[in-house]
Each structure stands twice: as structure tokens, then as C-alpha cells.
Amino acid sequence: MLLNCIRRRLQLLSEKIPWYHRNISKRITRDDRSDETSFFMQLCAERYYISSEAFHTRSCTYGPLGTELKKNIIEQWTSAIRSRAYVFGINTSALSRTCEEPVRIVDIRALKEILNQDSFTKEEAFQKIQKLLEDSASVRTSLLQGALQQYTQALELVNRTLPFGLAEIGLCHHFDNQLRHSSSCSFEVTESSLVWFCSPRTSSQWMDYWAHQRLQWWRKFALGPSDFSMCNVVDDELKEGTSHGVKILYKFPWGSETLETLWSLGDTQLIKTHQGSCINLQCRDGRKSVVPHVISVSVNVDQGMLAYLFNSLQLLKKTDSKQKLHQRTVLKLHPSLTPVKVALDMGRGSNSELRQVCEGLLQEFLEVGISTWPGYLDTMSLSLENLHTKYDEMGVLFTVVVSESTLKSGLLLVRNRDTTIRETMHISEIKCYLLKYISASDNI
């Protein structure tokens, strides 16, 4: 979905939009303005965020770093949502034969058989196709319905006390309005959802609370927080039975797009899901028994991942002592989100001995959960500057170089992505230093 979303927006970019230009592997230059977003796509492909195959096709497969970034975003969302008491995780089926979803899985062989049957009249063929559609499983377009169906079971967990929430992450089919009349009008996305059940008299306060919390969450991990904003949904866009809606937006180069939506749904959909039976839906609200109001919070994780990648992309310029201009491209992802915290590489020295030290450090880092890139396994020899360029474009937080000095005195060369400062550190201190740095960034 990430790559397809970028491709769909290419035509919306104009010459007036400033962009980041850099010669990546000699294939995109400053003078090549025919397809500016290709720079971003190619950077993501070369630095393992999308697969190299996906760069040349319309597939939506992620590379190793893209997969890890998406996982980190989901973990941070889960941590934030589940930090409240009485929020429970659920897992519902992506397929159903009862819900009225617009996307269905149809047996193409059965459909062709009906269409190729010359003996059927137009009316008979229509009825056969209608029956085929009714018997086919539907694919969910949101996670809301599954949470509403599990509401009564969750009541026992909370002793019929409000408020509480049901959280889920799963695949859904979304629609793109610009492609509604094309053959690719629906696409699969990962959605994260919180369905919050609360008292009717406090639902507006809870809506404001979650809207504020969610915007703060997006901005917490952003390099440019002001690119994330919030607005109310206009009346014309409100869903049936919805009293209020809020969108959280990101300002892409082609315009603002929705990352997350919050809906105040009242009790209409909950009652409809349970076929109008209110008695079994009631909870305690002080001395009263009430049917709760529902607030739905849903995030398009793939769109959020795209937003963070764009937001983290920096082109920094500096002049050296000879007044020569240098450009540095960095994916300055938040330390909690960046897929690779440390890259391990070797300097000059005995390859076999240096590799043993690298492998020992790699094992130490992985055991304590520090994601590490084994750069020392790369057979292509790069200068230190080219290594830093590569790892900056990958978004790596720290580069740790093991050299001859390490074998003699135990000293490592450690370079910070954000400050570009290089310092020496003893090998016995590096693990604690990294853990302390990462932990501090989580609590910002």
C-alpha cells in the first residue's frame, strides 16, 4: 500500500513544490525534475524500506527496514492505547458471511460459468449472480464491527462498568476516491482500532480526550510536529448515526491526507449490531443503567508509516574548510521508531579477529533488544564517510566501528546520527550507553 499510495500521488506534484534532491547512486540528479517523488521511492528501495521488486512494479511489499518500522509504529500505538486500564485486545475474523461489507470474495470460475451459459435469460443470469454474491464471504473494510460484536462478552470482564475499550490491529480493504472507477479501486491496509464504550453523559468529553491524545501521539515521534494537524469532519462527510467526527492529518508534498479518524457514534450501531436488544447491552452509570455510547478511533498504519518517512527526510548542507558544499541526506526517524538502532562495522586490522569482536557485540546487542545491522558482513569495502552516508540514509542511530585500536585497548569509534559527533568509547561501556540513550528517547 505504501508504494501504491506514493505512485497515486505522483501526478499531483507540480514544479512549484520544493523537494529534496540528491544524486543517489548516480541515477537521480538535481536537473532531473520529471518525477520528483521518485527520489523518495528510490531512497526507500535502496535503503531496504520497500523491496527492490516493488520499486519497479505496483506491488506493496516492504523490505526488511520497512517491515521493522511498521512493527515499531504498531508497538508504540499498542503501548499508548493499552496504557489505560480496561483496554483489552481482541482478534476478529477478516471474513464474514453475515456482515454487509462492499468487498466480497467471489469464485471467478463460478461467475464465468454463469456468464458463459447461453441458455440463461438476462433475468436468470442476474439472479444466479446475485445468489453467488450473497453466498460469498465479505471482506471487512474496518475493525469496528468486530469490536461491536464482542461487546457483550467484554461486559463480563469489566463487571458491566464504564468506560472500557476494545483494541485490535488487522488487515482491512479501503477505497481510494481517485481510483473508484478504475480496476484498482480497493486496496489492503493495516488498520489499528480502538472502540471506546462510555457513558452517554461523558461521551463528548471522552471524544475530546482521545482526539487530543491521538494528535499528541503523532507529534511525539515527529521531526516536524507542525506537519500533523487535526480538524473536525464537516457535516456532509459524517457517517449515518454519527454526531461528530475528527480527522488527524499529515501535510504531504501533494496536500494533507487523513491518517486517523475518530467518530462519536452514539448507541445506534451498537444496538443495530445486537438486533435492537437493549437490556443485555446496559451498563452501570452511577445508579442508572444505560446503553453506552461508542467512540471509534481508527488508524491507517500504512499511511502513518508513509507520513513518518516523509517527515523524517532531511537534506542538510554544509561547507567544508575548502568552501566546498556538501549535502547530507538523513532519514531522521525518532529513536523509538527507527528500524536499526546500531550498525556494526570493521575498520582496518585483522579481519578474522575484528569479525569475532563484531559477532560478540552483535550477540550482546540482540540479547537486550537493540536492533543491529551487521555491516561487517558486507563484502564491499567502503570508506568511513561513505559508510556514514549509507547509514544516515537508512536512518541508523549509531555507527559502531571495531578497529585495530579495539584489539589493543578495547576502544570503539561511535558516531551519532543526529549530532554526527564521533567519539571513542570502551567496549565494556557501549551496551549500557546505547540502552540508556534509547530508554531516554522513549520517555521524551
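Trainee: Which hand does the crossing of α4 and α9 have?
Mentor: Right-handed. Keep in mind that this is a predicted model.

Trainee: And at roughly what angle do the axes of α4 and α9 cross?
Mentor: Roughly 145°. Helix α4 covers residues 64-81 and helix α9 residues 203-220, and their axes come within 12 Å.

Trainee: Which residues in α4 and α9 meet?
Mentor: From α4, Ile73, Gln76, Trp77, Ala80 and Ile81. From α9, Trp210, Arg214 and Trp217. The residues of that contact divide into six nonpolar, one polar and one charged.

Trainee: New topic. Is strand β15 buried or exposed?
Mentor: Five of the five residues of β15, residues 342-346, are buried, so the strand is largely enclosed by the rest of the structure.

Trainee: Which way do they point from β15?
Mentor: Val342, Leu344 and Met346 point one way. Ala343 and Asp345 point the other way. In a regular strand, side chains alternate between the two faces of the sheet.

Trainee: Which strands do bridges join to β15?
Mentor: Strand β16, residues 372-373, is joined to β15 by two bridges, and the two run parallel. Val342 stands opposite Thr372 there. Strand β17, residues 398-402, also runs parallel to β15, with five bridges. Leu344 has Val400 as its bridge partner in β17.

Trainee: Last one: how many disulfides?
Mentor: Zero, counting pairs of cysteine sulfur atoms within 2.5 Å.

Trainee: What about Cys283 and Cys358, buried or exposed?
Mentor: Cys283 is buried, at 1% relative accessible area. Cys358 is buried too, at 0%. The cut-off for buried is under 20%.

Conventions
Residues numbered from 1 in each chain as written. Predicted model: local features only at pLDDT ≥ 70, side-chain atom pairs only at ≥ 80, totals over all residues. Heavy atoms only, no water. Axes fitted to C-alpha atoms, helices over the stretch in contact; angles between N-to-C directions. Helix = DSSP H or I, 4+ residues; strand = E, 2+ residues; numbered from the N terminus. Left-handed = near helix turned anticlockwise from the far one by under 90°. Contact = heavy atoms within 4.5 Å. Nonpolar A, V, L, I, M, F, W, Y, C, P; charged D, E, K, R; others polar. Buried < 20%, exposed > 50% of the residue type's maximum accessible area, 1.4 Å probe, protein only. Pairing = 2+ DSSP bridges.
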